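Work through the exercises below with the sequence and the model open beside you. Try each task on your own before you read its solution.

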Amino acid sequence: MEKNTLCIETKLVHGYRGFDPQTGAVSFPIYQSATFRHPGLYQTTGYDYSRLQNPTREELENTLAILENGLAGFAFSSGMAAITALMEIFSPGDHIVVSDDLYGGTYRLFEEIYKKKGLEFSYTDTSSLENVLQSIKNNTKAFFIETPSNPMMKVTDIQAVVEIARSHNILTVVDNTFLTPYFQRPIELGADIVVHSGTKYLGGHNDTLAGFIVVNDENISEKLKLIQKSVGSVLAPFDSWLMLRGIKTLGVRIKAQEKNALAVASWLKTNPHVEKVYYVGLPDHEGYEISKKQSSGFGAMISFTVRDIQLVEKILCGVKVIAFAESLGGVESLITYPAVQTHSAIPLEIRERLGVNDKLLRLSIGIEAAEDIINDLEQAMEE
Ligand SMILES: *Cc1c(COP(=O)(O)O)cnc(C)c1O
């Protein structure tokens with residue numbers, strides 16, 4: 001069966017091969033082997049050593065490729081390991097334009113690790129095409145975009161950025177962690193490369209670290225194959241299997257999470273303690289129309305500011321259903337304080353400019369009953 005003609009819900013459940021062709025096992029087996037016997041001299045089963053190829057990881061990588069409608073997928077031990085591997089396709093002197101509101105760990109990787117190695121980064125609000133255009137230099141090799149952005153939920157028009165990129169011979173990279181291929185497929189919009197923290201929605205259960213790159217170009221794919229086996233930060237067979245298992249239910253999870261998120265965001269909007277709500281699914285959100293154009297859903301990430309700073313601690317310590325913890329995307333609702341957690345690596349003056357201030361909280365909405373999530377926030381605020 002031609003997998004690419006199937007709907008995304010079906011692709012999620014059945015993966016690339018979806019079962020073990022040898023035994024018929026419906027759950028793709030965990031090939032917990034570091035190495036593989038060769039049938040003879042100059043002969044291979046196609047598997048030599050698990051850093052190079054492993055059947056479980058391969059099933060996962062091919063699954064990611066068909067989900068994102070790309071040519072090839074690569075699985076790594078974390079989202080940061082994936083982005084690190086991706087940086088290895090660039091050379092000293094290359095310039096990359098980056099969304100200014102992005103995951104703090106990515107900012108830290110660029111500033112603390114790759115700047116030293118001669119890569120140049122500019123940070124700009126990529127939701128403004130004017131800014132994107134103005135950031136281009138002679139040595140610009142890539143745009144690195146997070147949309148919706150983390151934690152301010154700014155939406156970048158992927159197709160419009162791709163157009164600018166193509167006319168300047170620049171690659172477009174999209175971190176698609178927040179919406180997943182279920183809601184947004186950047187490669188279909190013209191992007192060259194998609195990266196993911198699989199730790200979040202793809203895994204979905206807050207139990208496994210993983211990262212992915214999906215590419216749509218044979219040349220870049222070959223480069224990444226070499227990088228992946230050389231740097232070695234590959235995803236382990238068991239973790240690959242956990243990802244495959246998580247991905248099967250991504251469709252139902254993220255739909256339920258989005259439904260809850262809309263309920264929670266609407267409630268927050270009417271709450272007198274809340275100053276501003278950032279959720280792309282609210283029609284008055286600045287990026288609402290672009291979201292509707294390029295994504296089939298809005299996801300389940302909400303940021304909001306409280307009027308009184310005292311409420312921050314009250315909420316973080318008072319929630320009982322929601323967990324005060326970093327990360328996002330899992331079935332459990334989490335609340336994060338970006339200024340001191342996920343975005344602490346970003347200098348204060350940049351954070352303030354972006355709006356990542358000390359009154360901002362970020363919610364990752366899970367699949368609990370929306371009513372319980374809302375009641376939990378309410379009791380924490382009132383207590
Ligand atoms: C978490 C996250 C990362 C990093 O992924 P890890 O799996 O934690 O290494 C990168 N980008 C975004 C948008 C993230 O949320």
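**Exercise 1.** Find the open sheet of seven strands, and work out in which order its strands lie and which of them stand at the edges.

*Solution.* Begin with the order of the open seven-stranded sheet, which is 1-7-6-5-4-2-3, with mixed pairing; strands are DSSP runs of E with at least two residues, numbered from the N terminus, and two strands pair if DSSP finds at least two bridges between them. Next, look at the edges: strand 1 (72-76) and strand 3 (120-124) each have a single partner strand, so one side of each is left without a neighbour in the sheet. From one strand to the next the twist averages 20°, where angles run from 0 to 180 degrees between N-to-C directions and axes are lines fitted to C-alpha atoms, for helices over the stretch in contact. Finally, strand 2 (residues 95-99) runs parallel to strand 3 and is joined to it by five bridges, and Ile-96 stands opposite Phe-121 in strand 3.

The model is predicted, so local features need pLDDT of at least 70 and side-chain atom pairs count only at pLDDT 80 or more, while totals for chains, interfaces and linings use all residues. Residues are numbered from 1 along each chain as its sequence is written, and side-chain values use heavy atoms, with hydrogens and water left out.

**Exercise 2.** Describe how helix 12 and helix 14 pack, and name residues that meet there.

*Solution.* First take the geometry: helix 12 (residues 310-318) and helix 14 (residues 370-382) pack at an angle of about 130°, with their axes 8 Å apart; helices are DSSP runs of H or I with at least four residues. That angle makes helix 12 oblique to helix 14, because angles under 35 degrees count as roughly parallel, over 145 as roughly antiparallel, 65 to 115 as roughly perpendicular and the rest as oblique. Then list the contacts (heavy atoms within 4.5 Å): Leu-311, Lys-314, Ile-315 and Gly-318 in helix 12 meet residues of helix 14 including Asp-376, Leu-377 and Met-381.
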